[in-house]
Amino acid sequence: FSKMNKQYEDEQSDLSGRIKILRTELDKESHRTAGTDMFIATVRKYTRARKLTPSMLNELINHIEVHQAEKVNGVYVQKLTIHYNCIGSIEIPDVSSLPEPDVLIQTRKGVAVSYSQAQMAG
């Protein structure tokens, strides 16, 4: 009986510790979900905004980190990290891997101007 009782108490102690850890993780996830929901609700208010105002920035952005400028292939590149309210910073993947379509503009009858990404960058 004493062996079984000791095993039972050890198991109960382990399970109590695990419950505390899992509750802490659950609380973190609940706060993260609530923060994300609040951020989405705030963004929806400004989906059709025509002009960026200081009040919009204050409501959406917590702070911005400006990193040291670096010279890459003869061009200065400076990284900015935007920390949004409720959700923190997000990493946006590099979209340059997506195909870039050529643009064809009909200016007047019989005349068309074409721009490709390489021409616009230069």
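1. Buried means under 20% relative accessible area, exposed means over 50%, and partly exposed is in between, with a 1.4 Å probe and protein chains only. By this scale Lys 45 is exposed, because its relative accessibility is 54%. Of the 122 residues of the chain, 7% count as buried.

2. On the source: this is a predicted model, in which local features need pLDDT of at least 70 and side-chain atom pairs count only at pLDDT 80 or more, while totals for chains, interfaces and linings use all residues. Residues are numbered from 1 along each chain as its sequence is written, and side-chain values use heavy atoms, with hydrogens and water left out.

3. The chain has 3 helices and 7 strands (DSSP runs numbered from the N terminus: helices are H or I with at least four residues, strands are E with at least two). Along the sequence the pattern reads α-α-β-β-β-β-β-β-β-α.

4. Salt bridges come to 2 in count (a side-chain nitrogen of Lys or Arg within 4 Å of a carboxyl oxygen of Asp or Glu). One of them joins Glu 59 to Lys 45, with 2.6 Å between the closest N and O atoms. Glu 59 belongs to helix α2 (residues 54-60) and Lys 45 to helix α1, so this pair ties together parts that are 14 residues apart in sequence. Glu 59 is partly exposed, at a relative accessible area of 31%.

5. Lys 6 and Asp 10 also form a salt bridge, their closest N and O atoms being 3.5 Å apart. Both residues lie in helix α1 (residues 2-45), 4 residues apart, or about one turn of the helix. Lys 6 counts as exposed at 51% relative accessibility, whereas Asp 10 is partly exposed at 39%.

6. The largest pocket holds about 220 Å³ of space. The search runs on a 1 Å grid over the protein atoms alone: a pocket is an open set of points with protein on both sides within 12 Å along at least five of seven lines, a cavity is a set where a 1.4 Å probe fits but cannot get out, and lining residues have an atom within 4 Å of a point. Points are joined across faces, edges and corners, and the volume is the space filled by probe spheres set on them.

7. The lining of this pocket consists of Lys 79, Leu 80, Thr 81, Ile 82, Tyr 84, Ser 89, Ile 90, Glu 91 and Ile 92. Strand β4 (residues 80-84) gives the most to the lining, with 4 residues. By class there are 5 nonpolar, 2 polar and 2 charged residues (Ala, Val, Leu, Ile, Met, Phe, Trp, Tyr, Cys and Pro are nonpolar; Asp, Glu, Lys and Arg are charged; the others, Gly among them, are polar).

8. Leu 80, in strand β4, lines the largest pocket and is exposed, at 51% relative accessibility. With Ile 64 and Val 66, Leu 80 forms a nonpolar surface patch of about 290 Å² accessible area together. Patches take residues with over 30% relative accessible area and no salt bridge, joining like charges within 9 Å and nonpolar side chains (Val, Leu, Ile, Met, Phe, Trp, Tyr) within 5 Å. Areas come from the Shrake-Rupley method with a 1.4 Å probe; for residues, only the protein chains shown count as cover.

9. Asn 73 has a positive phi of about 55° although it is not a glycine. Asn 73 sits in the loop between β2 (70-72) and β3 (75-77) and is exposed, with a relative accessible area of 78%.
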